[in-house]
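Have the structure open as you read.

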Amino acid sequence: MSEAVEETSPSARARVSGYAWYALFVLVLVYIVNFVDRQIISILVGDIQRDLKVSPAQVGFLYGTAFAVFYALFGIPLGRLADSWYRGRLMAMGLALWSSMTALSGFATSFTMLAAARIGVGIGEASASPAAYSMISDSFPRERRATALSIYSSGLYIGGALSLPIGGFVVASWNRAYPVAAQAPLGLAGWQAAFLAVGIPGLLLALWVLTLREPQRGASDGMPQPVVRPNAWREFGRELFAILPPFTLFNAMRMKGALLPNLGMLALVVAVGWFLAWLTRTPAQWIAYGLGVYAIFSWVQSLKRRDPPTFALIWGSRTFMLLAVTFGSISFVTYATSFWLPYYVEEHFYGGAAMPARYLAGLTAKAEVGLIIGTTAAVSAAAGVILGGYLSDLWRQRDPRGRIFINMLSVLLPIPIVAFLLTTNDLAAFYWVNPIAHMLASAWVGAAVATLQDLVLPRMRATAGATYVLGTTMVGLALGPYFAGQVIGLTDHNIALGIAALYFMPVLTLTGLWLGARKIADLEATKIERARAAGEPV
């Protein structure tokens, strides 16, 4: 990840330095910690429901919406900051924040307190991926970009999977040592201790991230640009002003013709949100989600006026936005399935988290489920995402639609396997087959990220990454787990049916991918021309 690039020929740009691989390793560690802290709540579902007296839909809100909306909202201004400031420093600051908020989750004694802590985790984690996508894209040439981004994305699956055995082990060990929570240190229950155990190490990792060197922006594409742009933090303040209500209204008043559309969207969001809150009896879900939708609309209004070239290549491109939403629809299924599946195994095969293990003597069902599903999924999903990225790079060299084809396969192939998992009564067969589903369902991620990175200029990469994250969180994380939780609550706690109900989405996903594939080659070939037409000095 060197500071200067003297040669910009394709052969020169195809070479990757040893430092780039080292930095990628550190970024993978950050992503692992990111997802351990995000996903650990999935192995703690039963304990949280029991102690905080919350419903399945509220648990889905804690895991999904409370985190996702603020993760998405702050991801936009933080992504813009990553496009103009030191990306490594920004990631270190975010890592320290989300690790602290994860640890504070361990002191929550109510639904509201835990929701507030999850919001803090979401804000901190919003700094990571947009900056990482930008750094990796500036360190690896286009020909190897999906592979590198897939290696980074493997941290998603390794961290999410490792959260299960870590959480299960901490809970089982703590509860065995302190059967009565009131007599434990600080009066903590096992699930609270688990949050503390995974939150504190991230503070040390933040110091390591601070040592990373900044790659030269655009060098890997032969378009070197400054690493730091003037007034980066002042512009960040303007981005926050444009996206955080009620400042959005003041910002709209300053833009000619923006106030009435802004008020119209606000009225529409309030009306639809009120109706959905009344219909589902989950006001927190729709207040948070409506806040996110209105804030995003307000920010896009501002972006169109402040940075027309970035708007033109991202939000002004129907195909780009179609792909961003479509990639989000994939995560609608994958987030919800990975969240509810361990709980399904505990209830369906063991009869409860506190029941004895079937294969590993001395453990509880929760610990065994976490250990077996977590370790096997970590290996298989990491292999799947790296293999998917590698194959998508090869396929793209022969066909510009190759990466999207990998996405299609990753949507289709796991469906019959998940159907088997939800209908078998053979626990051993479940454990053997489940890693195959994880491997296939993870293959899309690196290809999806690389697809969007290739459609923008180097200075827009973190913003493009933030827009990708916006899709996977607002469409996937904020709605998928909540939707499954609602179905579970409405069907007398039928967890299998709640997971199965998610699979109406692949029809819409495949349609979106097919439409995007038809335009992808033209979009990439004309990005400089379209940016120049919008005012970019290139």
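Helices α18 (402–412) and α26 (520–525) each give at least two residues to the lining of the second largest cavity. Please keep in mind that this is a predicted model. Searching the whole structure turns up 2 cavities of 30 Å³ or more.

**The second largest cavity**
- Its volume is about 80 Å³.
- The residues lining the second largest cavity are Arg396, Pro400, Arg401, Arg403, Ile404, Thr451, Asp454, Leu455, Ile520 and Glu524.
- Sorted by class, that lining holds 5 charged, 4 nonpolar and 1 polar residues.

**The largest cavity**
- The largest cavity holds about 690 Å³ of space.
- It is lined by 45 residues, and those nearest its centre are Tyr157, Thr334, Tyr335, Ser338 and Ala441.
- Helix α16 (residues 318–350) provides the largest share of this lining, with 10 residues.
- The lining of the largest cavity comprises 30 nonpolar, 14 polar and 1 charged residues.

**Helix α20**
- Ala441, one of the residues nearest the centre of the largest cavity, is also among the buried residues of α20.
- Elements covering the buried residues of α20 include α8 (142–177), α16, α17 (365–398), α18 and α19 (414–423).
- There is a bend of about 30° in α20 at Val433, with a proline, Pro435, following within four residues.

Terms used. Residues are numbered from 1 along each chain as its sequence is written. This is a predicted model: local features need pLDDT of at least 70, side-chain atom pairs count only at pLDDT 80 or more; totals for chains, interfaces and linings use all residues. Side-chain values use heavy atoms; hydrogens and water are left out. On a 1 Å grid over the protein atoms alone, a cavity is a set of points where a 1.4 Å probe fits but cannot get out, and a pocket is an open set with protein on both sides within 12 Å along at least five of seven lines; lining residues have an atom within 4 Å of a point. Grid points are joined across faces, edges and corners, and a volume is the space filled by probe spheres set on the points. Ala, Val, Leu, Ile, Met, Phe, Trp, Tyr, Cys and Pro count as nonpolar, Asp, Glu, Lys and Arg as charged, and the others, Gly among them, as polar. The bend at a residue is the angle between axes fitted to the seven residues ending there and the seven starting there. Buried means under 20% relative accessible area, exposed over 50%, partly exposed in between (1.4 Å probe, protein chains only). Contact means heavy atoms within 4.5 Å.
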